[in-house]
Amino acid sequence: MADFTIRPAGPADGAFLADMVVEAANWRVGATRPRPSVLADARHGAYVAGWQRPADRGVVALDGDARPVGAAWYRLFGADRPSLGFVAAGVPELIIGVRPLWRAQGVGRALLRALADRARVEGFARLALSVEHGNFAHELYRSEGFSVVASTADRDTMVRVLR
Ligand SMILES: CC(C)(COP(=O)(O)OP(=O)(O)OC[C@H]1O[C@@H](n2cnc3c(N)ncnc32)[C@H](O)[C@@H]1OP(=O)(O)O)[C@@H](O)C(=O)NCCC(=O)NCCS
């Protein structure tokens, strides 16, 4: 296991979380969609615009020099402005990203677990997410208790019941 620690996300983490939105949007090998284009696209930018709103919660993984290497966070969306993984008002949607050099070392799973703990403490019964077909993160989510509740031609919505 790599040497990293996890702390709660704060208002000053907005720029790093935006970096992770860009990583998530460019998950396919060779994808290089530029940062401004990703963040200007409401389907992606909505996950981080105006960070940190009152109900936003997240966790950030840090390397040994306290530099951020990954983050997972959730945000509530309304039925009037549904997001990619919208399930219902009151079900927060999570997004996750880990810097390429830090992938496949346990950071993503640790972030998912820490965020689920946080959501439970905040009183949420479920967490939702959206994942494109072909992204191995699907298996990671399944192994962390998420199940597919809806599918389109290119992506699945998954939900985890928090016990
Ligand atoms: C998805 C992501 C957050 C996972 O984080 P991570 O730190 O790489 O994940 P972990 O190291 O905790 O690995 C979790 C599991 O996935 C497996 N895994 C990791 N990288 C993999 C890869 N490239 N292909 C297949 N499986 C892989 C690991 O083996 C591990 O399983 P195990 O615990 O049974 O060994 C990270 O890879 C990432 O940022 N990807 C790009 C952005 C993205 O796709 N975000 C999600 C959008 S829905």
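**Exercise 1.** In which loop is the place of Ala-66?

Solution. This is a predicted model, in which local features need pLDDT of at least 70, side-chain atom pairs count only at pLDDT 80 or more, and totals for chains, interfaces and linings use all residues. Residues are numbered from 1 along each chain as its sequence is written, and side-chain values use heavy atoms, with hydrogens and water left out.

Step 1. Ala-66 lies in the loop between S2 and strand S3 (68-75); strands (E, at least two residues) and helices (H or I, at least four) are DSSP runs, numbered from the N terminus.

Step 2. Its phi is positive, about 65°, although Ala-66 is not a glycine. Most residues other than glycine have a negative phi.

Step 3. Ala-66 is exposed, with a relative accessible area of 51%; exposed means over 50% (Shrake-Rupley method, 1.4 Å probe, only the protein chains shown as cover).

**Exercise 2.** Find the place and the phi of Ala-104.

Solution. Step 1. Ala-104 sits in the loop between S4 and H4.

Step 2. Although not a glycine, Ala-104 has a positive phi of about 60°.

Step 3. Ala-104 is exposed, at a relative accessible area of 87%.

**Exercise 3.** Which two residues does the cis peptide bond join?

Solution. Step 1. The bond joins Trp-51 and Gln-52, with omega about 15°.

Step 2. Gln-52 belongs to the loop between helix H3 (42-45) and strand S2 (57-62).

Step 3. For reference, most peptide bonds are trans.

Definitions and conventions. Buried < 20%, exposed > 50% of the residue type's maximum accessible area, 1.4 Å probe, protein only.
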